[in-house]
Amino acid sequence: MKRKLVAVAAGALLAPVLVVVNPAGIASAHGYVNAPASRQAQCAQGTVSCGDIKYEPQSVEGPKGLKSCNGGNAQFAELNDNGKGWKASPVGTTATFTWTFTARHRTTNYEYWIGGSKVADISGNNQQPPETVSHQVNLSGHTGRQTVLAIWNIADTSNAFYSCIDVQVG
Ligand SMILES: [Cu+2]
């Protein structure tokens, strides 16, 4: 994920070389669901008080195939805590989820899960997405308070990004 820009000033007397390396942390920028406010979005917005995730809600990255809100990252374990006071956003039977990307990886697909049920699987056509992407997801069959696990499976690495959204369906 680190980008290195090397510019060589050819023809200069001493051939100076300029190397720019993005600072670690700031450079690890990817994506998350910001509407309805996901757990990491609620951390970033100060709706819920959180640790480091509040500084980088886009960084819940882990291997593909997980089913956890923290994407297997111990430092973001609080995202798995259902008792932390997450605000549930009211949604209809069809809900619109919007991702915001800070690094627009080519995309295999997006998955949406409630418990053990996959409620949507949307292709990314192996393309780079625009800065935001919205999906309409049919939640029929699920009522009341639910936690939706949204997964962004990227095509250019073996990883995925994870985002849990608490909703009140009905
Ligand atoms: Cu990334």
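A residue is called buried when its relative accessible area is under 20%, exposed when over 50%, and partly exposed in between, with a 1.4 Å probe and protein chains only. The model is predicted, so local features need pLDDT of at least 70 and side-chain atom pairs count only at pLDDT 80 or more, while totals for chains, interfaces and linings use all residues. Residues are numbered from 1 along each chain as its sequence is written, and side-chain values use heavy atoms, with hydrogens and water left out.

**Copper site.** Both H30 and H105 are buried. These residues provide the protein donors of the copper ion, through ND1 of H30 and NE2 of H105, at 1.8 to 2.0 Å from the ion. Donors here are N, O and S atoms within 2.8 Å of the metal (3.2 Å for Na, K and Ca); water is not among the atoms, so sites may look incomplete. The two histidines lie 75 residues apart and link distant parts of the chain, as the table shows.

| Donor residue | Loop between |

**Overall fold.** The protein chain holds one helix and eleven strands, where helices (H or I, at least four residues) and strands (E, at least two) are DSSP runs numbered from the N terminus. Along the sequence their pattern is β-β-β-α-β-β-β-β-β-β-β-β. Of its 170 residues, 43% count as buried. Among contacts (heavy atoms within 4.5 Å) between residues at least 6 apart in sequence, 64% join residues at least 24 apart.

**An open sheet.** Three strands, in the order β3-β6-β9, form an open sheet with antiparallel pairing; two strands pair if DSSP finds at least two bridges between them. Because β3 and β9 (132-138) stand at the edges with a single partner strand each, one side of each is left without a neighbour in the sheet. Between β6 and β9 there are seven bridges, and T94 has N138 in β9 as its bridge partner.

**Q146.** Strand β10 (residues 144-154) contains Q146. Is Q146 buried or exposed? Its relative accessibility is 19%, so Q146 counts as buried. The side chain of Q146 reaches the backbone oxygen of T143 at 2.8 Å. Beyond its neighbours within four places in sequence, Q146 is in contact with I114, I165, D166, V167 and V169.

Technical notes
A polar contact is a pair of N or O atoms within 3.5 Å; within protein, one must be able to donate a hydrogen and the other to accept it, and residues adjacent in sequence count only if both atoms are side-chain atoms.
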